[in-house]
Amino acid sequence: MALVIIAGEIDISVAATVALTSVMMGLAKNAGAGVGVIVLVGLASGALCGALNGFLITRFALPSIVVTIGTLSLYRGTALVILGDGAITGYPAALSTLGNGYIGDLVGLPWLQIPIEFAIFVIAAIIIGVVLHKTIIGRRIYSIGANPIASRFSGIAVNRYRLMLFIFVGTFAGLASVLLTGRIGSTRPNIAMGWELDAITMVILGGVSINGGSGSLLGVVLAIIVLGMFTFG
């Protein structure tokens, strides 16, 4: 979400993407898929949801807020149509370990009580932070957010970057869905309800301009920690 907003766009559909990808994972589980395939289905479903957002925005020059509000209803509604009031349970134990386990349990060091989810978050933050602040890809994302027209005339493939960013945020929504589904051990169409506002709040509180073109990933990470402490502390 931070990268999308820095690029001058926004994605309101991330929480609905989490719900729909969780449903897709549940269907894969019911079809007899193993944990590896279930995880891949979650990531791929999220990427496809992001790709649809990016395609509509770049192909038809539509505002991202309008498109993603629409796909929010589409994705959440599709999840409700598939499951209704039902739920899918009985996921493999390995998926539950991803959502609830600790690094120490995996490596045989019981004292290393670092949640697997948190370790994934830290690794992702470091990698994305380096890409955003130390590579030409990051500089182009800032440029697109600051002035997309000047960026286009400077030779930057603005729409291609926008499309890839929406695929990227969709993939990470899929990853969030994998971890959340493993944590609660079930799929319901109303999971992650309203979480898109939490994600946007964390990004803005972290110093990213809602108009795009400025902000740092370190600020976003600190905002996530602060809001997490207030919510769960």
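Helices here are DSSP runs of H or I with at least four residues, numbered from the N terminus. The model is a predicted one.

Q: Which helix is Ser177 found in, and is Ser177 buried or exposed?
A: Ser177 is found in H10, the helix that covers residues 158-184. Buried means under 20% relative accessible area. Ser177 has a relative accessible area of 0%, so it counts as buried.

Q: Which side chain makes a polar contact with the side chain of Ser177?
A: Leaving aside neighbours within four places in sequence, Ser177 is in contact with Val18, Thr21, Ser22 and Met25. One of these makes a polar contact, side chain to side chain, at 2.9 Å. That partner is Thr21.

Q: How do H2 and H10 pack: oblique or roughly antiparallel?
A: H2 spans residues 14-30, and its axis lies 8 Å from that of H10, at an angle of about 60 degrees. Ser177 is part of this contact on the H10 side, while Thr21 is among the residues from H2. The crossing is right-handed. With that angle, H2 is oblique to H10.

Q: How many charged residues does the contact of H3 with H10 have?
A: The axes of H3 (residues 35-60) and H10 come within 7 Å and cross at roughly 150 degrees, which means H3 runs roughly antiparallel to H10. Gly42, Gly46 and Gly50 are among the H3 residues that meet H10, and Arg162 is among those on the H10 side. By class, this contact has 11 nonpolar and 10 polar residues, and the number of charged ones is 1.

Technical notes. Residues are numbered from 1 along each chain as its sequence is written. This is a predicted model: local features need pLDDT of at least 70, side-chain atom pairs count only at pLDDT 80 or more; totals for chains, interfaces and linings use all residues. Side-chain values use heavy atoms; hydrogens and water are left out. Helices (H or I, at least four residues) and strands (E, at least two) are DSSP runs, numbered from the N terminus. Buried means under 20% relative accessible area, exposed over 50%, partly exposed in between (1.4 Å probe, protein chains only). A polar contact is a pair of N or O atoms within 3.5 Å; within protein, one must be able to donate a hydrogen and the other to accept it, and residues adjacent in sequence count only if both atoms are side-chain atoms. Contact means heavy atoms within 4.5 Å. Axes are lines fitted to C-alpha atoms, for helices over the stretch in contact, and angles run from 0 to 180 degrees between N-to-C directions. Angles under 35 degrees count as roughly parallel, over 145 as roughly antiparallel, 65 to 115 as roughly perpendicular and the rest as oblique. Ala, Val, Leu, Ile, Met, Phe, Trp, Tyr, Cys and Pro count as nonpolar, Asp, Glu, Lys and Arg as charged, and the others, Gly among them, as polar. A crossing is left-handed if the near helix is turned anticlockwise from the far one by less than a right angle, and right-handed if clockwise.
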